[in-house]
Amino acid sequence: MAKTTRLCLQKISDWHNVSQALHRACRGKRLKPDVQKVLRNPETAITRVSDALNRAEMPVGNFSSFTIFDPKQRIIHAAPFLDRIAHHAIVSQLEPTFERVLLPSVFACRVGKGVHTAITHAQHQARRSAWVMHIDIAKYFPSIDHRILQQQLERRFRGNGLELLDAVIAAHNSQSGKGLPIGALTSQHFANHYLNTADRWCLAQPGITAHCRYMDDFLLWSHSKQTLQKLKNQFVEFLHETLKLVIKQPLIQRSDIGILYCGVRVKPFSLRPSLRRRRRYKYALKYWQQQWQSGVIDSQHLQLAYDAIQAILLPADDKQWRLQCLKNLGAVDA
């Protein structure tokens, strides 16, 4: 049996741990009214969060929800700022254990990894194996089974901190006993760990040469199309029986055709931004050009804006297409 990590309420609720969590929760959000309100008296907020965590409770314990289209419809559940501080305090104690057990080919919610690293890894594997299968979980966050998640966490952790994790998981139900709120930091880490069993199962199958996962998006490579076709049905059954999940229709194709992954068309020797990313880039380009033409910003700020919006396309970047967009706006000479 794998060694478990002791998870103590005292460590999670420690004043210094919560203080650091406050600073992490504030990053990039210091101008928001709810954050500014807390920062006017941070000691009071830290004490309130610390006391709640020590009781295995959340400071507020509810969510506000809103819908986004990115590009498909998603319901985002936003926690109050005090709860977001608590989430950071909890994750700081969970993260080292999660990092230890996750495979190197898992790229979400991990320091030093992320989308760009996942795409680079996928391109490297596309050069090594002729066939690839793309698998996506249907309605992943709403489908996560609370009991299965709790059992997974009990195999990783011991101590009174598990009471707090149970309270965090129970705070949201998309349906009876299922669902994690999209938008909560704890949800992202729980969801990333939830598929760890599936990662290891995939790599244990004969003929699978490589694996890549970003949250619930899987890529699996093989030298044989038949291997992936056989694995597809087995994986559907494994996910349903073990994790109570359902996958969308898998896509199997040659690696050299290119697979759309994390907003990038990944080919063995080229990366091209998706149509959605191209549209976002053109929209941002047009917006900042109009701001400059109307005198809201000067030429220096326009150049800084050009540099910033190029990040929309990265790590893919079609230079000729990008230059053509600038020419169409009259931003560069034709």
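This is a predicted model: local features need pLDDT of at least 70, side-chain atom pairs count only at pLDDT 80 or more; totals for chains, interfaces and linings use all residues.
**Overall make-up**

The secondary structure of the protein chain comes to 15 helices and eleven strands. Along its principal axes, the C-alpha trace spans about 65 × 60 × 30 Å. Of the 334 residues in the chain, 47% are buried.

**Salt bridges**

Side chains of opposite charge can pair when their charged atoms come close.

| Arg-110 | Glu-99 | 2.9 Å |

Arg-110 forms a salt bridge with Glu-99. This pair links distant parts of the chain, with Arg-110 in the loop between α5 (81–101) and α6 (115–128) and Glu-99 in helix α5, eleven residues apart. Arg-110 has a relative accessible area of 9% and is therefore buried, the limit being under 20%. Glu-99, in turn, has a relative accessible area of 35%, so that this residue counts as partly exposed.

Lys-248 counts as partly exposed because its relative accessibility is 32%, whereas Asp-136, with a relative accessible area of 17%, is buried.

Because Arg-213 lies in strand β6 (residues 208–214) and Asp-199 in helix α11 (residues 196–203), the pair ties together parts that are 14 residues apart in sequence. Arg-213 counts as buried at 0% relative accessibility, and Asp-199 is likewise buried, with a relative accessible area of 0%.

Beyond these pairs, a network of salt bridges links Arg-272, Arg-278 and Asp-318.

Strand β6, which holds Arg-213, is mostly covered, since five of its seven residues are buried. Six bridges join β6 to strand β7 (residues 217–222), and the two strands run antiparallel. Within this pairing, Ala-210 stands opposite Trp-221 in β7. The two strands form a hairpin with two residues between them, and Met-215 in the turn has a positive phi of about 55 degrees.

**The strands β9, β10 and β11**

Strand β10 (residues 264–267) pairs on one hand with strand β9 (residues 259–261), in the antiparallel sense over three bridges, and on the other with strand β11 (residues 270–273), in the antiparallel sense over four bridges. Leu-260 stands opposite Arg-265 in β10, and Lys-267 stands opposite Ser-270 in β11. Strands β9 and β10 form a hairpin with two residues between them, where Cys-262 in the turn has a positive phi of about 55 degrees. A hairpin also joins β10 to β11, through two residues.

Lys-3, Arg-6, Lys-11, Arg-100 and Arg-158 form a positive surface patch. One of these residues, Lys-11, has its place in helix α1 (residues 9–12).

Gln-226 has its place in helix α12. With a relative accessible area of 54%, Gln-226 is exposed, because exposed means over 50%. Gln-226 and Trp-131 are 95 residues apart in sequence, and their C-alpha atoms are 9.6 Å apart in space.

Definitions and conventions. Residues are numbered from 1 along each chain as its sequence is written. Side-chain values use heavy atoms; hydrogens and water are left out. Patches are made of residues with over 30% relative accessible area and no salt bridge: like charges are joined within 9 Å, nonpolar side chains (Val, Leu, Ile, Met, Phe, Trp, Tyr) within 5 Å. Accessible areas come from the Shrake-Rupley method with a 1.4 Å probe; for residues, only the protein chains shown count as cover. A salt bridge is a side-chain nitrogen of Lys or Arg within 4 Å of a carboxyl oxygen of Asp or Glu. Lys and Arg count as positive and Asp and Glu as negative; His and the chain ends are not counted. The place of a charge is taken as NZ of Lys, CZ of Arg, CG of Asp or CD of Glu. Buried means under 20% relative accessible area, exposed over 50%, partly exposed in between (1.4 Å probe, protein chains only). Two strands pair if DSSP finds at least two bridges between them.
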